[in-house]
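Open the model in your viewer and keep the sequence panel beside it. This tour moves from the whole chain to a handful of selections.

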Amino acid sequence: KAQAMGCCHHEDSSSLGSDSELNGVPPYRQTDRYGFIGGSILGPGLSLGWALGVSWPLRALFWVKVLCRKGIPSSLRARCWPLLCGAQAIMDRNQGKYQELEEAPGTQQWLETIEKDIHRQFPFHEMFLSPEGHGQRGLLQLLKAYTVYRPQEGYCQAQGPIAAMLLMHMPAEQAFWCLVQISERYLPGYYSPEMEAVLLDGEVFMALLRRVCHRAYKHLQKHNVGPMLFVTEWFLCLFCRTLPFPTVLRIWDAFFSEGVKVLFRVGLVLVRLALGSGEKLRDCVGVVETLEKLRNIPPEQLQEDAFMAEVHDMAVSHRDLERHCQVKLKKLRKDWPNFGQRLGQRLPNAKAIFDEQQLEEARCPGKGGQTGSPFLIPEIVVDPPPREQRRKKPDTRGKTFHMGQRPTSSLVQGHEEGEEPSHARRKSTPYLETYF
């Protein structure tokens with residue numbers, strides 16, 4: 001079934017059930033293990049890294065991050081990506097929903113726009129070669145289903161390559177819910193008609209670049225190269241149109257685990273590689289030359305292991321993003337008072353998505369036709385510690401103290417309780433006693 005859906009998880013040089021074989025294209029055309037024709041341009045293969053199971057606990061965030069940074073094995077991405085982004089849980093709660101959306105007629109305007117873009121999505125991948133192949137047909141149905149699911153947003157061209165990328169690794173239903181999670185939890189507002197979230201993140205990116213690589217920032221400011229000229233394509237398509245395919249897979253592994261901060265880190269590393277030194281800026285005399293420099297970084301600098309090591313070393317946290325977002329949002333609202341009214345809440349990582357789903361399931365158990373959550377978040381009751389039995393100190397405020405010499409009664413032989421000892425029987429050594 002995985003091969004029928006175009007998932008190229010094996011290591012030989014061709015894929016079974018591809019459009020090449022189904023439509024009579026000569027079978028001697030060689031593809032790499034990712035399904036691309038002419039795999040020599042893609043660079044070395046993906047590092048498998050540590051063995052990653054499919055039932056690891058999402059709450060162990062540290063180990064999830066470590067494993068995803070090492071690279072998820074190709075055979076496990078179909079299971080791990082939906083688990084990380086929460087698509088698997090939504091699909092389980094909405095069984096049959098995708099089939100309903102797929103069978104819905106959809107809006108003719110969106111269908112015509114999608115059909116014009118289908119052939120542009122990875123045209124050199126065997127899955128999307130033929131207009132009659134299962135790849136292009138499945139992509140058309142998936143994107144149409146999203147316009148039915150979110151009619152207020154409709155279709156954005158940048159969703160095409162993302163949906164195609166997902167279809168390479170998993171069935172259409174899983175790919176659809178992953179696209180929903182990317183659009184609504186990781187990148188809310190990116191694919192809306194106004195695209196306000198992209199404009200805001202472009203300003204945030206420049207603020208971070210000023211701190212990380214001031215030389216490149218000054219160059220972009222000098223030549224009026226705004227972030228929307230290059231950041232838009234990077235962030236909207238999650239770099240799948242920009243970088244070598246093995247590197248893109250590693251970026252997506254980290255993105256599903258750690259959230260949007262990975263996109264900022266990757267973009268900052270790319271700008272630093274392209275414009276981070278005086279020697280690199282020598283030939284950049286204008287906007288065109290600068291953009292060409294950003295689009296033509298030497299391939300040897302983009303190999304997945306070395307490149308991702310630089311990405312993970314980049315000191316950009318979710319807290320940094322939130323702080324800069326608030327600052328830039330205030331500035332943008334001075335020029336456009338209604339700016340950001342539709343910006344949704346962006347969740348920082350896979351753990352936040354997992355926690356949100358568990359809280360929602362705890363509030364509404366059985367929602368979506370299911371019998372309930374596999375576990376509920378327990379209510380924690382903290383009992384106060386037992387009070388230590390202490391002898392209460394006497395309240396001495398406002399009291400008058402007298403100092404006198406009295407013998408202790410315990411040292412007097414034959415003393416009866418309540419009887420004042422006689423002068424003859426007192427001990428010769430008195431002691432000081434305080435009484436009031």
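The stops below run from overall totals to single residues.

**Before you start.** This is a predicted model: local features need pLDDT of at least 70, side-chain atom pairs count only at pLDDT 80 or more, and totals for chains, interfaces and linings use all residues. Residues are numbered from 1 along each chain as its sequence is written, and side-chain values use heavy atoms, with hydrogens and water left out.

**Whole chain.** Show the cartoon. The chain has 19 helices and two strands. These are DSSP runs, numbered from the N terminus: helices are H or I with at least four residues, strands E with at least two. Of the 436 residues, 47% count as buried. Buried means under 20% relative accessible area, exposed over 50%, and partly exposed in between (1.4 Å probe, protein chains only).

The areas come from the Shrake-Rupley method with a 1.4 Å probe; for residues, only the protein chains shown count as cover. Contacts are heavy atoms within 4.5 Å. Among those between residues at least 6 apart in sequence, 72% join residues at least 24 apart.

**Positive patch.** Select R210, K218, K331 and K334. Together they form a positive surface patch. Patch residues have over 30% relative accessible area and no salt bridge; like charges are joined within 9 Å, nonpolar side chains (Val, Leu, Ile, Met, Phe, Trp, Tyr) within 5 Å. A salt bridge puts a side-chain nitrogen of Lys or Arg within 4 Å of a carboxyl oxygen of Asp or Glu. Lys and Arg count as positive, Asp and Glu as negative; His and the chain ends are not counted. Charges are placed at NZ of Lys, CZ of Arg, CG of Asp or CD of Glu. Zoom in on K331, in helix α18 (residues 318–335). K331 is partly exposed because its relative accessibility is 48%.

**Helix α11.** Go to Q221, in α11 (residues 214–222). Its relative accessibility is 44%, so Q221 counts as partly exposed.

Select N224, in the loop between α11 and α12. N224 is not a glycine, yet has a positive phi of about 55°. N224 is exposed, at 66%. L229 lies in the loop between α11 and α12 (231–236). L229, V287 and V288 form a nonpolar surface patch, with about 250 Å² of accessible area together.

**Last stop.** Is L238 buried or exposed? At 0% relative accessibility, L238 is buried. L238 sits in the loop between α12 and α13 (245–258).
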